[in-house]
Amino acid sequence: MPPVALLARSLLRSAARPGPAPRGLKSGPPESPVGVWESVVGLVAMFGSFLGPAAWVLGNLQSYKNRE
């Protein structure tokens with residue numbers, strides 16, 4: 001077999017492999033369960049980071065309008 005054919009065969013072998021590529025992710029239950037307080041802190045942090053700036057802008061809307 002010519003070297004070019006061997007090279008093409010080795011390069012195409014991984015592309016022809018069935019199934020998704022392994023990504024190092026595991027499915028199943030977590031190794032340590034997440035507690036209630038950890039969930040509460042995480043949700044408060046996420047809502048605060050998204051809704052806090054929006055609430056600040058809406059609260060100061062009159063001062064933005066009076067600037068001009």
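A helix, as the word is used in these legends, is a DSSP run (H or I) of at least four residues, and helices are numbered from the N terminus.

**Figure 1. Helix H2 and the place of Phe 50 in the predicted model.** The structure shown is a predicted model. Helix H2 covers residues 36–59, and Phe 50 has its place there. The protein holds three helices and zero strands, and along the sequence its pattern reads α-α-α.

**Figure 2. The span annotated as a transmembrane region.** In an unreviewed UniProt entry, the annotation "transmembrane region" is given to residues 40–59. In the model this span is 100% helix and 0% strand, and its end C-alpha atoms are 26 Å apart.

**Figure 3. A nonpolar patch on the surface.** Leu 43, Met 46, Phe 47, Phe 50 and Leu 51 together make a nonpolar surface patch of about 590 Å². One of these residues, Phe 50, has a relative accessible area of 63% and is therefore exposed, since the cut-off for exposed is over 50%.

**Figure 4. The aromatic pair of Trp 56 and Tyr 64.** One aromatic pair is present in the structure. The ring centres of Trp 56 and Tyr 64 lie 6.4 Å apart and the ring planes meet at 75°, so the pair is classed as edge-to-face. Trp 56 is exposed, its relative accessible area being 54%, whereas Tyr 64, at 29%, is partly exposed.

**Figure 5. The surface of the whole protein.** Of the 68 residues in the protein, 0% are buried.

Key:
Residues are numbered from 1 along each chain as its sequence is written. This is a predicted model: local features need pLDDT of at least 70, side-chain atom pairs count only at pLDDT 80 or more; totals for chains, interfaces and linings use all residues. Side-chain values use heavy atoms; hydrogens and water are left out. Rings of Phe, Tyr and Trp (its six-membered ring) pair if their centres lie within 6.5 Å; planes under 30 degrees apart count as stacked, over 60 as edge-to-face and the rest as tilted. Buried means under 20% relative accessible area, exposed over 50%, partly exposed in between (1.4 Å probe, protein chains only). UniProt positions are given in the numbering used here, feature names are shortened, and annotations may be inferred rather than shown by experiment. Helices (H or I, at least four residues) and strands (E, at least two) are DSSP runs, numbered from the N terminus. Patches are made of residues with over 30% relative accessible area and no salt bridge: like charges are joined within 9 Å, nonpolar side chains (Val, Leu, Ile, Met, Phe, Trp, Tyr) within 5 Å. Accessible areas come from the Shrake-Rupley method with a 1.4 Å probe; for residues, only the protein chains shown count as cover. A salt bridge is a side-chain nitrogen of Lys or Arg within 4 Å of a carboxyl oxygen of Asp or Glu.
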